[in-house]
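Work through the exercises below with the sequence and the coordinates open. Each task is followed by its solution in steps.

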There are 2 protein chains.
Amino acid sequence: MPKQVDGEQRRADIADAVLRLAARDGLPAVSLRSVAAESGLNIGSVRHYFDGQRDLMRFAMRSTIDRVTARLEHRRSALRPLSELTPDEAASQLTDFLAELLPLDAPRRAEATVLVEFLVAARVDTDLTALAHEAMRGTLALSRRIVEALRLPPAVADLEAQRLAALLDGLTFRSALQPDATTPDVCRDVLRAHLASLGVRADPAAAPGA
Amino acid sequence: MPKQVDGEQRRADIADAVLRLAARDGLPAVSLRSVAAESGLNIGSVRHYFDGQRDLMRFAMRSTIDRVTARLEHRRSALRPLSELTPDEAASQLTDFLAELLPLDAPRRAEATVLVEFLVAARVDTDLTALAHEAMRGTLALSRRIVEALRLPPAVADLEAQRLAALLDGLTFRSALQPDATTPDVCRDVLRAHLASLGVRADPAAAPGA
DNA sequence: CGTTTTCTATCACACCTGTGACATAAACAG
DNA sequence: CTGTTTATGTCACAGGTGTGATAGAAAACG
């Protein structure tokens, strides 16, 4: 029975317990004792790997953000240039790409839900404000890149980026809190319709009334 | 010194203290003792008007929902028929109307922020789930009415209602949590642009490319 | 071997929570 | 007046929290 364990792996395991707990019972249910129980460790062990609750929370939120970011980056590398695609194909590809942010299946729902809880908590928790700003700026920056890829005129790029970011966060919010009302199908359809409505301006050949 | 006080007024005052506390320090900071302190009452008095914390929370959330609903109804009665307005005027009027939902000034920001906290808490708090569903269904129903007023084809009405609801909630979420990043001006502009983009389909005379 | 570091585990303490129970007092009813 | 209801306080208790301090065991080091 090896006693020397991988410290980073342990921290990740504990953070996972935090995320599982927060997703299932909400952030207020996350305490050092509940995390210890969820991870099968003793509270003393948890405290050995983290300076305290604040440190634990910061780490858990950071690892959530990093996980989503990594998944997006991975997806991004597999994107085909929009110039090779029809407007329809482009919309589909971008929908699948941005859907990585949405709570469309169990793991993504857990991530999105926990992130929403963290973002709300960060409003009054100064330990998390920096991470919250980073996360919010991230989806806005992502939206901005999408808007630029669709070659929207610069005059409306900022506005459309804000609109897309708000739509993404709104879909996440509604679907994470009430998945029976805002189902994964609704999320996909809404997102796709939105991207399509942006695309028609970009590609003159798609304008039906011309 | 009158001892016989208006019970309903007292309950409303206490609920106000809950909302102020939740807006300033977050829902987790709301306890019977903190509410008593915030409202200038004794904890015994608070407990005299409410059966307990659960009752207090339910009442506070309900009064928040009712307040927003009442403001919207009041605004609604002053709306001019869209048929009397140019598409531009219609978009402006609907923007102002729906802006009642957004955190554009201090009181509305407090309301929206508290509502977000309640909705998130309701995910795991069975006492609040019914109210949360009511609130979420409310903004969807409101969006639905807007979409119908814009005379969008029924084939896309459901989708557009969901999209508008998500946009409203997303703007609320982002602006309530980080008003410096999603400013009131951004909210207005985004909302107005969205309504305008819906309107062009409704009114053929506004189509520029025809 | 002994020493040191790493890891696990437990106790104790102060603090905060909701709530049951009770006392006190003011206002009203008869 | 007496009795009752309404309202305000206060106390105590069990349960939860983070954290400081400490102990013990196991692995790694010299």
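The model is predicted: local features need pLDDT of at least 70, side-chain atom pairs count only at pLDDT 80 or more, and totals for chains, interfaces and linings use all residues. Residues are numbered from 1 along each chain as its sequence is written, and chains are lettered from A and ligands numbered from 1 in the order in which they are written.

**Exercise 1.** Determine how chain B is laid on chain A.

Solution. Superpose the copies by least squares on the C-alpha atoms of residues with pLDDT of at least 70 in both.

**Exercise 2.** Describe the contact between chain B and chain A.

Solution. Count two residues as in contact if their C-beta atoms, placed from the backbone, lie within 7 Å. The contact then takes 36 residues from chain B and 36 residues from chain A. Next, assign the helices as DSSP runs (H or I, at least four residues), numbered from the N terminus. On the side of chain B that touches chain A, the elements giving two or more residues are α6 (106-122), α7 (129-149), α8 (154-177) and α9 (184-202) of chain B. Of these, α8(B) gives the most, with 13 residues. Finally, compare the two sides: 100% of the interface residues of chain B are also interface residues in chain A, so the copies meet through the same surface.

**Exercise 3.** Find the residues with the most contacts inside the largest nonpolar core.

Solution. Take buried Ala, Val, Leu, Ile, Met, Phe, Trp, Tyr and Cys residues joined through C-beta atoms within 7 Å; buried means 20 or more other C-beta atoms within 10 Å of a residue's own, and exposed means 12 or fewer. The largest core has 120 residues, and A:V18, A:L119, B:V18 and B:L119 have the most contacts inside it. Leaving aside neighbours within four places in sequence, B:L119 is in contact with A:L177, B:A132 and B:A135.

**Exercise 4.** Which residues of α5(A) are buried, and where do they lie around the axis?

Solution. The buried residues of α5(A) are A:A90, A:A91, A:L94, A:T95 and A:L98. They cover an arc (of the directions from the helix axis to the C-beta atoms) of only 135 degrees, which puts them on the same side of α5(A). The face turned away from this buried side carries the exposed residues A:D88 and A:E89.

**Exercise 5.** Is α8(A) largely enclosed or open?

Solution. Count its buried residues: 18 of the 24 are buried, so α8(A) is largely enclosed by the rest of the structure.
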